[in-house]
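Dear colleague,

I am handing over the structure below, and after it you will find some notes on what turned up in it. Please keep it open while you read.

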Amino acid sequence: MNSKISPLAWVLIVGLLWRILIALCTPVIQDEAYYFDWSSHLQAGYFDHPPGVAIAALTTHFQQGSWFFGRLGVLLLGSCTLLILANLYRNLGFKAQEIFWSILLLSVT
């Protein structure tokens, strides 16, 4: 049985690992602290942000006080975004494999 992993799966894995590394190495900034707090008090909107920032931070409640879990929702949404971008790039006509994968890898960063 051939268990070859598709190039798109590799890009998703590399992108997720890169973002996890960044999430683990950087401290929480003031805006993120607000988002983590807002996730405890969901509203239809906030003074200068839509409710999506608080919804993405709902993963904070998995482990209170962990900035990694606070960022987990954004990490997962970022991976889903790569799938959407891959489909968009194909629909835009980027059929050459080298160009397609170059653009998708640039989207990871």
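Does W38 count as buried or exposed? W38 counts as buried, because its relative accessibility is 17% and buried means under 20% relative accessible area, exposed over 50% and partly exposed in between (1.4 Å probe, protein chains only). Please bear in mind that this is a predicted model, in which local features need pLDDT of at least 70 and side-chain atom pairs count only at pLDDT 80 or more, while totals for chains, interfaces and linings use all residues. Residues are numbered from 1 along each chain as its sequence is written, and side-chain values use heavy atoms, with hydrogens and water left out.

The structure holds four aromatic pairs, where rings of Phe, Tyr and Trp (its six-membered ring) pair if their centres lie within 6.5 Å, and planes under 30 degrees apart count as stacked, over 60 as edge-to-face and the rest as tilted. One of these is the stacked pair of Y34 and W38, with 6.3 Å from centre to centre and 25° between the planes. Both Y34 and W38 belong to helix α2 (residues 30-38), where they are four residues apart, about one turn of the helix; helices (H or I, at least four residues) are DSSP runs, numbered from the N terminus. Y34 is partly exposed, at a relative accessible area of 41%, and Y34, Y35 and W38 make up one aromatic cluster.

The rings of F68 and F69 form an edge-to-face pair, because their planes stand at 80°, with the centres 5.8 Å apart. F69 is partly exposed, with a relative accessible area of 24%.

Technical notes
Helix = DSSP H or I, 4+ residues; strand = E, 2+ residues; numbered from the N terminus.
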